[in-house]
Amino acid sequence: MTVLISDHAFDPWSYLAEYQRERVGQAAQTGATAVFVGSMRDFNAGDTVSGMFLEHYPGMTESYLEKISQEAVQRWDLNDSLIVHRVGELCPGEPIVLVAVWSAHRKAAFEASRWLMEELKSKAPLWKKEQLAEGSRWVEHNTPG
Amino acid sequence: MRVQVRFFAALRERAGIPALEVSVPEGATVAQVWSLAAKKIPIEDNILAAINMQYAGFDSLVHEGDEVAFFPPVTGGAQ
C-alpha cells in the first residue's frame, strides 16, 4: 500500500511498471490489476484552460489517502494498492492521478479502484485553480464521474 | 487557550493570510475559532473544517495547541 504526493511531473506508466516489478512482482495470488490514470484537460465549463495549480494540505492529504487505501485493502481484500497524486503547477495533458489496485479477482479490482477515485475526488484535501486567457479561477465543483 | 488556524485555496486568498494563531476560551468550538479567525468572511454552508488534519464539524470542541483548518469543497483527481 503506497501513497505518494508529487510536486513534479511523473510518468504513470513507467512508475507503475517499476512498482509492479519491485513491489508486486509475479505474485501468483494476483489475478487482477486495475489501473486508472487521470490527466489534465485543456477545457472546462466551456473555457480553454492553459494551466492549473493544484493545492494540497501537506500531511492531511497524505493521511486521508492512506486512510482510504487501508479501507479499500480491507474491504476488498486487496493484495496491494497505489495512489500517486500530482500537486503544484500543471500543463494540459499532464497526468494528475494514478490509482492502481491488485487483487485475486477482477470484481474487487474494478470496484476498489472506482471507489478509491470517488473517495479521493469527494474528500481528499486537494484544490484546483485553473489558468484561463482572462485570468484564473478556483474550480468549485467536481464534474460527475 | 491558543489554537493554530490555517486556510486553504480560495479561503486562503479571501482571508489574505495562510495561517494565524487565535486565543479562545476553554470549551470553544470550531465555529468560535472560525468567527475569531475569519472575521469578515461570511460563513458558507459548504466550508469544511479539520482539527489536527482530521475532518471535524463546526460544533466539535477544540483543545490547546490544536491545528484547525478551514477550506472550500475539494476538487482533486482527474476532472
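**The end of a helix, and what lies beyond**

Modeller: Let's begin at Gly25(A), which follows α1(A) and has a positive phi, near 65°. This is a predicted model, in which local features need pLDDT of at least 70 and side-chain atom pairs count only at pLDDT 80 or more, while totals for chains, interfaces and linings use all residues. Residues are numbered from 1 along each chain as its sequence is written, and chains are lettered from A and ligands numbered from 1 in the order in which they are written. Helices (H or I, at least four residues) and strands (E, at least two) are DSSP runs, numbered from the N terminus.

The helix itself, α1 of chain A, covers residues 12-24 and spans only 16 Å between its end C-alpha atoms. A straight helix of 13 residues would span 18 Å at 1.5 Å a residue; this expected span is 1.5 Å times one less than the number of residues.

Chain A also has paired strands to explore (a pair needs at least two DSSP bridges between the strands). Strand β8 (residues 126-132) of chain A runs antiparallel to strand β4 (residues 47-56) of chain A, with seven bridges; among them, Val49(A) has Leu132(A) of β8(A) as its partner. β8(A) also pairs with strand β9 (residues 135-138) of chain A, again in the antiparallel sense, over four bridges. There, Glu130(A) is bridged to Arg137(A) in β9(A), and a hairpin of two residues links β8(A) to β9(A).
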